[in-house]
Amino acid sequence: MTTLLPTTTAGSLPKPSWLAQPETLWSPWKLEGDELVAGKQDALRLAVEDQRQAGIDILGDGEQTRQHFVTTFIEHLDGVDFEKRETVRIRNRYDASVPTVVGAVSRPKSVFVDDARFLRAQTDQPIKWTLPGPMTMIDTLYDAHYRSREKLAWEFARILNEEARELQAVGVDIIQFDEPAFNVFFNEANDWGIAALERAAEGMTAETAVHICYGYGIKANTDWKKTLGSEWRQYEETFPNLQRSKIDIISLECQNSRVPMDLIELVRGKKVMVGAIDVATDTIETPEQVAETLRNALRFVDADKLLPATNCGMAPLSRDVARGKLQALSAGAEIVRREILG
Ligand SMILES: [Zn+2]
């Protein structure tokens, strides 16, 4: 990738209103059968076009083919019973009714590989694909089989690695694992979570990324953020081990967040996806605001390692707002590019 400051998104983009209820997280599909398959592909094409028109450099599928960033993957696995549900506390923050692990987990067939192949066919630009991370997966399930968070995480890591290798084989350039759980369960992340993530990324020739955010702009998350004080230092807990890990890229939330920018110094040497778009507000950043966040980050990450990005997914936003934010990201990155190149 030769572009300086290549822009990308954390992952999700809003879905068209004919596919799923807009401005709603995890909303059910409005189509079924063959119509749903075609509808998802049309939506993916539109998501690619929106990114391309905005000038985004590394394209994603906007997560148009999945309802939820974790459960859609788990739905394709054996060993999990979606009828048998239990209420658990997600990331110590909100209660959710989740499926139950009832037996050994396995992946009978590919989950996203056809979708990734379809994305690959839409563009010659680099593409990135998102998968849930092992630790975030176990936190979204009730485990009645392994009875061990760590054991289940290692099983998921093995399964994720199978999927990641197939995604790489159809031409995905960057595989991103979403691990917001790293910002909550520090001890487990350091004890085995980061090791399990490396297992998921084992043997990859594609670049690998880990996205660690403070979540979508939903109330449970914004309420939680209010309790974190004037400085959010969660990243400090895991960065030293992530710096030593084999993961290539670390995706962070930096726009309107209270994360002290100097924490990025702790992962010096890694590529960093710097979140320069706040996904918890409809207010569209100005290119200058984006540029200012990127300039701040550049004090702690080398220019050839910085990827301007969004804080998190934009699925809950309106399409107009999301498009505006993509354009702001692109324009802000261009301002800083010109400054660097003189
Ligand atoms: Zn996120």
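The questions below concern the fold of a predicted model.

This is a predicted model, in which local features need pLDDT of at least 70 and side-chain atom pairs count only at pLDDT 80 or more, while totals for chains, interfaces and linings use all residues. Residues are numbered from 1 along each chain as its sequence is written.

Q: What makes the radius of gyration of the protein chain agree with that of a compact globule?
A: The radius is taken over C-alpha atoms, and the globule rule is 2.2 Å times the number of residues to the power 0.38. With 342 residues the rule gives a value near 20 Å, and the protein chain has 19 Å, so the two agree.

Q: What share of the protein chain counts as buried?
A: A residue is buried if 20 or more other C-beta atoms, placed from the backbone, lie within 10 Å of its own, exposed if 12 or fewer do, and partly exposed in between. Of the 342 residues, 45% count as buried.

Q: How many helices and strands does the protein chain have?
A: Helices (H or I, at least four residues) and strands (E, at least two) are DSSP runs, numbered from the N terminus. The protein chain has ten helices and nine strands.

Q: Why are strand E2 and E4 called paired?
A: Two strands pair if DSSP finds at least two bridges between them; two bridges join strand E2 (residues 94-106) to E4, so they pair, and they run parallel.
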